[in-house]
Each structure stands twice: as C-alpha cells, then as structure tokens.
Protein chains: 2
Amino acid sequence: MHKVYYPFPISDILELSEEESKHLNRVLRISEGDEVLVMNGVGVVARAKVIESHPKKTKLQIESRKEYPSRKDISLHIAMAPTKNIDRFENFLEKSTEIGIDHITPLLCERSERKVIKPERLQKVLVSAIKQSGQPFLPILREMTPFKEFVKNHPEGCIAFCENPEQSMPLLKAVKNHSDITILIGPEGDFSPEEVSFATMHGYKQITLGDSILRTETAGIFVCALINGIE
Amino acid sequence: MHKVYYPFPISDILELSEEESKHLNRVLRISEGDEVLVMNGVGVVARAKVIESHPKKTKLQIESRKEYPSRKDISLHIAMAPTKNIDRFENFLEKSTEIGIDHITPLLCERSERKVIKPERLQKVLVSAIKQSGQPFLPILREMTPFKEFVKNHPEGCIAFCENPEQSMPLLKAVKNHSDITILIGPEGDFSPEEVSFATMHGYKQITLGDSILRTETAGIFVCALINGIE
C-alpha cells in the first residue's frame, strides 16, 4: 500500500500537502476510493481512503489508526561527522533509518572534511526511508554541532576510535544495560587524540567496532544494526 | 599506508600489474623507498618497500608478512537477488566486505528484477573494499545461480522472508551454534511463496529481521553486521 507522510496530528479528514498530492495524483495515479497508509513520523500509522484525488489538495478519510508509544525500549543517538562525499552520509541516513535510530547529530570535528550540510535535503532522505520501511518514527536530525559542545551537552556515551584497540571495549559490552545510547563516529581521518581524551574526560567510553577499518558511514550502519539486533 | 592488491603467492620481490603500477606511480606518486601494504586476498598481508616505481611495472621488496589462517571462526555465505538498481547491490558488496563476509552468490529468483550482472565490475568493488578496510580475505563472488539450484546445492540455511513473521524466528536464534551460515535474501518483490516452501522443504529456516521492512541491500548489510557482531 502506498505510504504518505503527514507530519501533523491526524484528524479524521486530512488534506495533503501539494507535494504529496502531486505525487499520489500524478505519479502513482491514485483515484478516489483507493487506500493509502498515512504516517505522521511520531508514532501514528493510519489506513485512509482517498475521498478526493487532486494534484494540489488530495483529501483522505482515516479508517483506522495504530499508535506506537515509542520506537523501542532503547533510544539510540548517533553523532557522526558527515562525509566529504555527501552521498555516503545520505547512505548512512537511509540505512540507519530503515534499521532503526532515534537521533542523529552531524558532528563538526577537528578533521572534518565537510563543514556544511543541507538539512532540507537530508530530511527528505529520512522521510523517504520511513515510508520505505514503515518505521513509525522519523529520526530527529539535529543541527551540525561542534564536537566539544556536543560532548559537554551529552555527557557519557561511547566514542568509536580505531587506534588504541587495547584501551577500547566492544560496543555491545559498553552499552550493556543502558537504554539511552549515544555513540560518536569520527570523520574519514578519525577523531584527533585531543578529541578522544576530551570525550574520555567527560565520561565517554572508547569502543572498538572490530578489526576491520570501517568507513565512517559503514561504522554508523554497523552500530545501528548491532544495537537493534541485540534485543 | 597505501594498500596494493596482488592476488598471487607473495614471493620476496614482486612486480605489480599495470593497473596497480599506474595507480601507485601516477595517482599516488609513490617513489622508491616508500612503503606499501600488499594484500593477496587469501590471508596474507605484507609490508613492502618500493624498489622501482614505474607506471607499468612497479617492483616491491617484501619486508615482513602476516598470514591469517581464516577470516573468522564463522563462515558467512549470503545469497541475494541483485537489485534492479545495481548501485544498491554494489553498496551491499562494499559494506558487507568491510564488515566481513566469506561468500556471495547473486541469486536468480522468480521475482528478480535484474537477471544480468557484470562480475568484473562487482569484483572491483570487493577489491576496493578489502583495500579500504584491511580485511585479509577477499569474499568469493560466485556466479548468478537460479534459486532452486542454489537451495538444492546448499541444503540447510536461513531464508529471510517478510511475510508470516509468526512462522519465522530471529536471525541470531536461527544461527546459534552454527559455524557455517547461509542466508537467502530476496529481490525487491520478495521471494514467492513457492520459493519459500521449496527452501523450507530443503531444511531452510524462515527468519525475520525485525518489524522494519528493509530494502534488499539493507537486509544483507544488517545480517552481516549481526553475524560479525555477536562474537
């Protein structure tokens, strides 16, 4: 069934945005009487019937709804330096949203190769991924934040660091019995030693993701899979 | 350190292929005396010194070598229907190689949207991913195989199927105590019910990857992360 994103409270009759209306009417050629699934991105997934198919203001009538209180028992926040090639960061956004993530913060690090992002474009990747996967919650994409500011505001968490594997513990051991999980993932050139000790001073644990040297976005997807897979 | 792929036995002096020579000499501007890491893709990773930098036949002298007997205690084989958009399948190849996989079989299913692949191009993605990640073993890319033929030749394994979640078990439960793991992942339109019962008849377990509907390539990456992460 086609899925529609409608980021507002879901009343019994809805009028869709011009963008969603056009997509349903022109691209998918939805007609009156057809059924669609409406997702508001904050836990409500509703079945609806199209009562007016119009390229600018398609109207729906809600037939039934399901409300999810939260995504999971665990809340996962990944703060990651966006990659130089933005496609790779978008790949992380898509995959992690499909698999399951709650908060994403683009991180500005000492060795960041990308210092600017386009939140509107990234937001579209997230919306498209919840439509694809049926995830009832849209991950919250926060604004680009300098490393130290982020760490100060989110004390305790894990920092994935390739060097000094002997000082690191495996991810799943580090997050055991935690329900609020924050993981930092560095840029292509990794975190600087100074950033790592700053995080350690603020209660962060150094973690290792194994022997393989994962690309930034692969590390993010890997973390997401493990955190969602352990339950 | 720059990594070189040399898919042959590693003697003390090596002459690299024209492709690798050109890359080192022209792109990376490696000169005599520089050090590189040589990987043969079957477990040997060696440090070498450039003794002649030449655009067609660069020569190396091996200084030390490390030999890995096998990738891990677990051997993972994913048989997956290549996606319509080949970039998505290549994304799976890249990510799964970085994270860790042993065998990959492109699967020809009833609902496959892509029936032809270019193995040479896909092989390059794998080589590039072991260079990136330092994985000492190149995954073995098998030829495109029809679903039933594959299942008959690989009895027992797991089939990831979105429907009938009540008849499925979680991946990690299904593979517990197995060291030889085969997982089937279907095309965009999923496996047909006939394929699922054929696999079940041949000793396959139906598995679920959770409530989220994962894209084909995301399912493959997710499986790979969980299998590598549990150890």
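Which side chains meet in a salt bridge with N and O 2.5 Å apart? They belong to Glu90(A) and Arg121(A). Keep in mind as you look that this is a predicted model. Glu90(A) sits in helix 2 of chain A and Arg121(A) in helix 3 of chain A, so this pair ties together parts that are 31 residues apart in sequence. Glu90(A) is buried, with a relative accessible area of 12%, whereas Arg121(A) is partly exposed at 46%.

Why can such partners pair at all? Side chains of opposite charge can do so when their charged atoms come close. Over all chains, the count comes to 32 salt bridges.

Let's visit another one. Glu113(A) forms a salt bridge with Lys84(A), and their closest N and O atoms are 3.9 Å apart. Glu113(A) is partly exposed, with a relative accessible area of 44%, and Lys84(A) is exposed, at 54%.

Now turn to Lys95(A) and Glu94(A), whose side chains meet in a salt bridge at 2.6 Å, N to O. Lys95(A) is buried, with a relative accessible area of 0%, and Glu94(A) counts as buried too, at 15%. Salt bridges can also join up into a network, as they do for Arg88(A), Arg215(A), Glu217(A), Glu94(B), Lys95(B) and Glu98(B).

Next, step back to the whole of chain A. It is divided into domain 1 (3-67) and domain 2 (75-229), and the C-alpha centres of these domains lie 33 Å apart. Each domain brings 10 residues to the contact. About 810 Å² is buried between them, with carbon and sulfur atoms giving 64% of that area. On the domain 1 side, Lys3(A), Tyr5(A) and Met39(A) supply 55% of the area buried against domain 2, more than any other three residues.

What holds charge against charge here? The interface has 1 salt bridge, along with 4 residue pairs in polar contact. Strand 1 (3-5) and helix 1 (18-27) each supply at least two residues of the side of domain 1 that touches domain 2. The largest share, 3 residues, comes from strand 1.

Finish at helix 7 (residues 216-229) of chain A. This helix has 14 residues and reaches 20 Å from its first C-alpha to its last, close to the 20 Å expected. It is mostly covered, with 14 of its 14 residues buried.

How values were computed
Residues numbered from 1 in each chain as written. Chains lettered and ligands numbered in written order. Predicted model: local features only at pLDDT ≥ 70, side-chain atom pairs only at ≥ 80, totals over all residues. Heavy atoms only, no water. Helix = DSSP H or I, 4+ residues; strand = E, 2+ residues; numbered from the N terminus. Expected span 1.5 Å × (residues − 1). Buried < 20%, exposed > 50% of the residue type's maximum accessible area, 1.4 Å probe, protein only. Salt bridge = Lys/Arg side-chain N within 4 Å of Asp/Glu carboxyl O. Domains from an automatic or database assignment. Contact = heavy atoms within 4.5 Å. Buried area = accessible area lost by both parts, 1.4 Å probe. Polar contact = N/O pair within 3.5 Å; in protein donor to acceptor, adjacent residues only side chain to side chain.
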